[in-house]
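Welcome! Here is a friendly briefing to read alongside the sequence and the 3D view.

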Protein chains: 2
Amino acid sequence: MADGDDDVPLILTWDDANSGLVVEEEERTADPRPQNSLRQSWEMNYQEAAIYLQEGENNDKFFTHPRSANALSAYLFAHNHLFYMMELLTAVLLMLLSLAEAPAVPFLRLDVYVHATLELLALAMVAFELCMKLRWLGFHTFIRHKRTMVKTSVLFLQFVEAIVVLVRQTSHLRVTRALRPIFLVDCRYCGAVRRNLRQIFQSLPPFMDILLLLLFFMVIFAILGFCLFSSNPADPYFNTLENSIVSLFVLLTTANFPDVMMPAYSKNRWSCIFFIVYLSIELYFIMNLLLAVVFDTFNGVEKMKFKSLLLHKRSAIEHAFQLLVSRQRPDGVSLKQFDGLMRFYRPRMAARDRFLTFKALNQSGATMLSLSDFYKFYEVIGLKWKARRSGEYWFDDLPRTAFLIFKGINLLVKSKAFQYAMYLVVAINGIWILVETNMLNDGVSWTRVVPWSYIVFLTIYGIEVLLKLTGLGPMTYFSLGWNLFDFSVTVFAFLGLIALAFDMEPFYFVVVLRPLQLLRLFKIKQRYRNVLDTMFELFPRMASLGLTLIIFYYSFAIVGMEFFAGVVYPNCCNTSTVADAYRQINVTVGNRTVLEEGYYYLNNFNNILSSFVTLFELTVVNNWYITMEGITSQTSHGSRLYFMTFYIVTMVVMTIIVAFILDAFVFRMNYSRKNREPLGDPEEEKGIVFETEVSQTEALQTMDLYRHTLRITNLSSLQSMYAALERCGQPSLVFLGRRSRTKSDLSMKMYEEEIQEWYEEFSRTNLQPDETFQQSLNSPEVSTTDSIN
Amino acid sequence: MADGDDDVPLILTWDDANSGLVVEEEERTADPRPQNSLRQSWEMNYQEAAIYLQEGENNDKFFTHPRSANALSAYLFAHNHLFYMMELLTAVLLMLLSLAEAPAVPFLRLDVYVHATLELLALAMVAFELCMKLRWLGFHTFIRHKRTMVKTSVLFLQFVEAIVVLVRQTSHLRVTRALRPIFLVDCRYCGAVRRNLRQIFQSLPPFMDILLLLLFFMVIFAILGFCLFSSNPADPYFNTLENSIVSLFVLLTTANFPDVMMPAYSKNRWSCIFFIVYLSIELYFIMNLLLAVVFDTFNGVEKMKFKSLLLHKRSAIEHAFQLLVSRQRPDGVSLKQFDGLMRFYRPRMAARDRFLTFKALNQSGATMLSLSDFYKFYEVIGLKWKARRSGEYWFDDLPRTAFLIFKGINLLVKSKAFQYAMYLVVAINGIWILVETNMLNDGVSWTRVVPWSYIVFLTIYGIEVLLKLTGLGPMTYFSLGWNLFDFSVTVFAFLGLIALAFDMEPFYFVVVLRPLQLLRLFKIKQRYRNVLDTMFELFPRMASLGLTLIIFYYSFAIVGMEFFAGVVYPNCCNTSTVADAYRQINVTVGNRTVLEEGYYYLNNFNNILSSFVTLFELTVVNNWYITMEGITSQTSHGSRLYFMTFYIVTMVVMTIIVAFILDAFVFRMNYSRKNREPLGDPEEEKGIVFETEVSQTEALQTMDLYRHTLRITNLSSLQSMYAALERCGQPSLVFLGRRSRTKSDLSMKMYEEEIQEWYEEFSRTNLQPDETFQQSLNSPEVSTTDSIN
């Protein structure tokens with residue numbers, strides 16, 4: 001299995017580091033070279049192959065691939081979790097600064113020189129990161145990279161402004177702060193947000209087309225409405241063409257309906273036809289069209305994205321493969337080379353797992369991995385390896401009596417009767433809570449008293465958790481999402497009880513979370529399991545969409561704060577039609593004075609937190625025109641543009657979210673139909689499982705190879721594998737590699753047939769692997785540039 | 001081509017009508033029988049085959065097939081447009097009665113004895129229709145037919161109630177009037193509405209599941225909200241558990257947000273988290289889930305519907321085929337039989353078209369139609385036949401000079417330059433209208449004056465229409481939807497001008513429709529053409545969905561009127577939180593008195609028209625809780641149930657509408673992708689075209705056959721075909737049969753491969769045609785019962 005120590009790499013990388021070697025190479029092709037220099041050049045190749053594979057995994061384009069030893073060190077510096085973390089923290093700090101900058105959240109207000117200095121520090125960090133990037137990419141690639149260039153110019157601008165603020169000791173109108181999210185979006189960890197933004201921009205052209213149709217009908221109806229209703233002096237909504245357009249825009253969001261209709265309706269009952277026709281066309285037809293068009297684009301984009309990612313990974317694998325094969329054996333990667341690669345690609349991986357991953361890839365059983373074996377690289381790389389247990393239960397090795405007890409518990413918790421008994425308990429608990437809460441209507445200070453029912457039900461849940469934990473073993477128990485949910489709800493309930501017992505008032509709300517237990521009832525029906533499982537699968541993507549939305553919110557909040565801070569207050573806006581909503585007056589009712597509040601002055605842009613709440617209210621669109629009209633009456637008519645733009649932007653994002661949820665669900669349903677597989681059955685094994693068998697002799701050989709040829713000292717994982725082999729007393733042991741199933745796996749299965757076509761097309765349009773060899777042999781300096789971009 | 005007059009039908013139908021013949025038949029199998037009786041039995045068979053084909057077309061189940069001569073006469077009586085019309089009118093009359101019944105629309109109020117008598121008359125009509133149906137179906141089938149049974153019992157109830165009203169001379173609480181739409185739904189012409197209702201009911205189970213999840217979260221949050229906010233005396237929204245639930249229900253529709261949040265927000269700013277989390281889960285997640293689930297179900301249902309329709313038609317064709325073949329030639333239908341069938345199936349069809357349809361079916365060129373030819377029956381039946389024109393233009397036959405002039409006009413109107421010039425004119429017109437309307441802001445009584453721009457633009461449009469009409473010929477011109485649109489807008493504008501000139505005030509609004517011309521600009525872009533074409537295709541289906549919605553509205557309006565008529569009025573509802581919206585007081589501002597109106601008292605259930613408007617407002621959901629709270633404060637808390645039920649029902653229907661639009665669009669896009677066909681190109685021929693060639697001898701033979709064998713006297717269409725053949729001077733003439741493409745045609749192409757599987761499965765699970773023959777020969781009385789149901 002060990003191959004000769006004198007194998008020479010087919011391609012030599014980073015020419016300036018070992019240029020001597022290359023020249024030597026060129027002269028004495030098959031000659032063995034000094035061991036040391038050869039090992040060094042192999043290490044170089046391992047590292048570059050690992051970088052290619054990383055680029056494939058992260059969907060980094062190959063033209064940003066480091067080309068020299070200098071670039072390599074910068075690349076390595078900029079590609080580790082410490083650096084990513086720093087990047088993220090800097091960006092978050094910059095964004096959080098707006099909490100402390102005027103207009104600040106009261107209890108977080110900082111002096112100007114404090115927050116400006118903090119800002120300068122953070123900007124300096126960003127500048128440092130950019131310098132590292134410049135060093136890694138080289139000047140030429142750096143200025144070609146659009147996102148980086150935008151970031152650089154924003155950075156420069158912010159620097160200048162921060163210095164100005166520091167010099168003047170006061171904040172000026174800084175709308176450019178709205179650009180700060182760019183730093184966050186550029187973070188390595190925010191790749192999902194970047195993808196979302198790209199998707200939004202891709203959906204924009206068709207969206208804009210339909211939006212134009214929408215606005216067109218709006219203008220037509222505005223003209224019509226102005227002509228029909230402007231003669232009515234009691235109608236403030238259609239008295240000018242501008243008001244007419246604004247009214248219909250707001251009506252489109254259903255926000256001022258029926259108010260806007262009422263004056264006209266009161267004068268002539270038939271005028272309702274105008275509004276009914278308008279709403280039917282705009283709201284029930286064109287708005288749905290918008291969704292349909294975005295959904296359709298989305299569908300196509302999702303597939304294209306999957307395709308390009310797949311091909312990018314394939315090309316990364318091909319690049320890595322060329323670097324791992326030796327001149328002597330140009331069509332196979334040996335365990336030695338694979339192990340070398342893995343030491344760079346996954347430094348923390350144990351020697352045993354590296355060996356098992358190699359075995360998993362090596363399906364043909366030959367000593368070398370062919371390219372077609374190697375194509376499966378990304379499928380096996382995330383596997384967690386475990387020896388297949390001889391027995392079924394965690395308590396198999398316990399003494400007989402204990403075994404029987406645990407076996408009994410195991411059978412109990414697995415029985416249908418136990419499950420349904422628990423459902424019954426949960427249902428009774430639910431009804432109990434409802435009745436109890438209803439009885440509290442007469443104002444008992446209920447939070448002080450621990451109701452006995454709380455303790456009873458909690459005891460039952462606690463016993464259930466304990467039984468399941470002991471019956472199934474912690475590993476099996478926690479491997480199922482639903483059990484995790486049960487466990488955490490029960491633990492929360494306990495915490496609530498403790499909070500009650502020790503009278504910790506701020507934690508009372510934990511008690512209130514009890515009804516969440518009822519969610520367990522939804523496990524009974526298959527459809528709910530499907531839906532909730534899909535929900536959990538969607539969660540990461542939903543979170544990234546939420547973050548995208550927050551980024552938009554942030555920019556709008558900054559702009560809003562710069563222009564509208566302090567504009568609304570109680571009893572302002574008396575000239576507008578919405579003055580009532582801002583009124584705060586003392587009214588005498590009978591013999592006591594009551595404060596009658598309009599409350600809408602609370603929806604302001606006085607600091608970033610208030611702005612976020614206000615923007616959320618605008619997103620929900622009910623009564624948003626009250627906020628708009630209030631602010632407009634205090635500033636100028638131009639303010640309406642801000643609110644309308646915000647509405648359209650959130651409309652885009654929300655439509656994308658709807659399209660995304662639709663797409664994800666329909667995909668899941670189609671998938672389950674196509675594969676006739678009951679999705680979401682909680683008892684079902686849902687991960688991807690690879691099996692590989694290791695014999696004693698193989699294990700011994702491998703340990704030998706690692707110890708003597710590769711001179712790796714940390715072999716504890718391999719030794720323990722060997723020990724397990726000896727203990728079980730059989731000549732071989734089966735290891736199972738598991739990972740959870742991802743969307744990509746589902747897509748692979750869905751598009752099975754098309755994928756073959758893509759691969760063929762891909763290899764037609766690219767150079768053949770053999771040609772690439774030839775080329776790179778002839779001109780070693782281009783070996784690392786990529787043949788795709 | 002003519003077959004022997006002594007052919008004997010393979011199957012004899014309606015045994016009681018010709019039982020003697022059957023007995024005879026059984027005895028002397030191949031013997032020729034008296035001509036007259038034979039002809040009679042053929043006619044019977046033609047009629048029954050035509051009925052089968054009708055049943056296939058209308059998707060009527062075969063178990064309602066008439067079984068005897070008696071039933072046949074009832075069937076024929078109940079299946080013609082006169083009867084259908086009567087059915088429809090009766091149902092509409094019944095529904096319209098609610099305009100005149102108390103609480104009536106003021107100017108339509110009728111005395112009790114008048115509308116009760118009218119109702120009795122209409123009900124008697126319905127009873128008569130039901131009697132005909134009973135006669136046709138027979139008692140046994142009648143009581144098995146669910147819809148009919150429901151209709152009968154509703155009829156009985158209504159009868160009793162109408163008589164009670166007539167006797168008491170006053171209307172009592174007649175909630176059962178809400179059932180009146182059943183008579184409409186059961187009409188033959190309302191098949192689309194029935195299908196929609198079925199689809200809604202099919203989507204209900206998954207919908208209900210998710211709705212339960214939605215309500216579950218609502219209750220959990222209601223409990224949480226009650227616990228958190230009930231201690232705040234200024235918060236009327238969460239002071240009891242019931243209010244808490246209602247508030248969150250209304251919040252779910254986004255209707256009372258941010259109002260419902262404000263008291264809590266004013267007390268503690270962090271309470272906004274509760275509302276944000278609630279809305280994010282309910283509105284942005286579960287509501288979308290609802291759409292996703294309905295969309296997915298919808299998708300499946302649409303395909304299943306298509307499949308079952310297709311198979312039903314196929315089985316109808318098989319039934320008809322058996323009735324048309326003769327014992328002598330059991331595997332082919334001759335022209336004679338086909339013509340006999342068509343005389344029953346399409347009585348108005350000309351002899352020439354019957355002949356050409358036969359030719360179109362007969363693709364093999366044999367003298368008989370085989371079963372596989374006959375399967376295409378429904379594809380060719382709607383074709384409109386026309387001889388292929390020798391020349392291209394309508395003015396080909398005109399003298400040389402006229403030809404050149406028209407040819408010039410033709411080239412002009414087809415040129416790109418002309419098109420773009422017209423786009424420019426339309427754009428200028430649009431800008432002009434905007435500017436003009438904007439300048440009118442200062443209140444000139446603009447409607448009296450005809451602006452000169454109006455006349456100028458109208459003249460240009462008029463000239464364009466004339467040029468296009470003459471250049472393309474009226475047939476070509478009107479065959480394109482866009483031209484029809486241009487034409488009607490221009491004609492409307494002319495009518496507006498006339499109205500202005502003759503000072504007809506009520507028609508002024510026509511003038512205002514001018515901006516619709518701008519819609520033509522959307523022709524420029526391919527996407528708009530796609531979208532608008534799909535829109536036109538969707539229109540019939542949208543209309544039927546609208547009608548379905550109106551039926552729901554009607555039922556709810558009746559219930560609303562029975563319980564809430566006269567309940568709200570100006571200055572009512574002073575005890576509710578929404579009293580302001582109902583206030584109507586005189587306020588002194590400065591030195592003049594202004595009427596301050598809340599207007600919401602106009603949203604009432606005082607008559608059916610007001611009810612419809614109110615229900616539309618509830619559908620749009622903004623501020624619907626004002627209407628709900630107003631009425632609740634005047635009646636009881638139970639009234640809320642009415643409004644919530646209405647909300648959920650409209651939610652179902654609206655979700656279906658969205659799913660339908662989505663589905664239709666995605667289907668179109670997929671179709672156009674699959675067939676790589678540029679959809680929506682206005683210049684493209686989009687119908688289905690069949691070609692068939694007729695030679696002179698063939699025409700002569702056919703005329704002979706018709707005249708002598710079939711003894712049909714009205715042969716003018718055949719004669720004119722022969723004349724055309726002679727005139728053109730060629731031995732044969734090609735006829736083109738055209739029809740517009742339907743959704744069914746698209747589906748046929750989309751599911752091409754699956755359809756073959758369906759057919760195979762269908763023929764496996766059913767008896768083989770040959771077996772059916774044997775069966776029916778052995779027991780003639782079951783020949784017409786169907787083998788599927």
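A contact here means heavy atoms within 4.5 Å of each other. Helices (H or I, at least four residues) are DSSP runs, numbered from the N terminus. This is a predicted model, in which local features need pLDDT of at least 70 and side-chain atom pairs count only at pLDDT 80 or more, while totals for chains, interfaces and linings use all residues. Residues are numbered from 1 along each chain as its sequence is written, chains are lettered from A and ligands numbered from 1 in the order in which they are written, and side-chain values use heavy atoms, with hydrogens and water left out.

**Helix packing in chain A**

- In helix 11 of chain A, A:E302, A:F306 and A:L310 meet A:K743, A:S744, A:S747 and A:M748 of helix 28 of chain A.
- This contact between helix 11 and helix 28 of chain A has 3 nonpolar, 2 polar and 2 charged residues; Ala, Val, Leu, Ile, Met, Phe, Trp, Tyr, Cys and Pro count as nonpolar, Asp, Glu, Lys and Arg as charged, and the others, Gly among them, as polar.
- Helix 11 (residues 272-324) and helix 28 (residues 743-750) of chain A pack at about 95°, with axes 11 Å apart; axes are lines fitted to C-alpha atoms, for helices over the stretch in contact, and angles run from 0 to 180 degrees between N-to-C directions.
- Helix 11 and helix 28 of chain A are therefore roughly perpendicular, a label for angles of 65 to 115 degrees.
- Helix 13 (residues 351-361) and helix 27 (residues 716-728) of chain A pack at an angle of about 70°, and their axes lie 6 Å apart.
- Helix 13 and helix 27 of chain A are therefore roughly perpendicular to each other too.
- A:A351, A:R352 and A:F355 of helix 13 of chain A make this contact with A:S717, A:L718 and A:M721 of helix 27 of chain A.
- The residues in the contact of helix 13 with helix 27 of chain A divide into 4 nonpolar, 1 polar and 1 charged.

**Salt bridges**

- Over all chains the count comes to 47 salt bridges, each being a side-chain nitrogen of Lys or Arg within 4 Å of a carboxyl oxygen of Asp or Glu.
- B:D186 forms a salt bridge with B:K133, with the closest N and O atoms 4.0 Å apart.
- B:D186 lies in the loop between helix 7 and helix 8 of chain B and B:K133 in helix 5 of chain B, so the pair ties together parts 53 residues apart in sequence.
- Both B:D186 and B:K133 are buried, which is to say under 20% relative accessible area, with exposed being over 50% and partly exposed in between (1.4 Å probe, protein chains only).
- B:D186 also forms a salt bridge with B:R147, where the closest N and O atoms are 2.6 Å apart.
- B:R147 sits in helix 6 of chain B, 39 residues from B:D186, and B:R147 is partly exposed at 34% relative accessibility.
- B:E242 pairs with B:R640 in a salt bridge, the closest N and O atoms being 2.8 Å apart.
- That pair links helix 9 and helix 25 of chain B, with the two residues 398 apart.
- B:E242 is partly exposed at 36%, whereas B:R640 is buried at 7%.
- In chain A, a network of salt bridges links A:E101, A:E119, A:R174, A:R177, A:R180 and A:E562.

**The nonpolar core**

- The largest nonpolar core has 325 residues, of which A:F275, A:Y582, B:F275 and B:Y582 touch the most other members; such a core is a set of buried Ala, Val, Leu, Ile, Met, Phe, Trp, Tyr and Cys residues joined through side-chain atoms within 4.5 Å.
- Helix 25 of chain A gives the largest share of this core, 21 residues.

Note on methods
Parallel < 35°, antiparallel > 145°, perpendicular 65-115°, else oblique.
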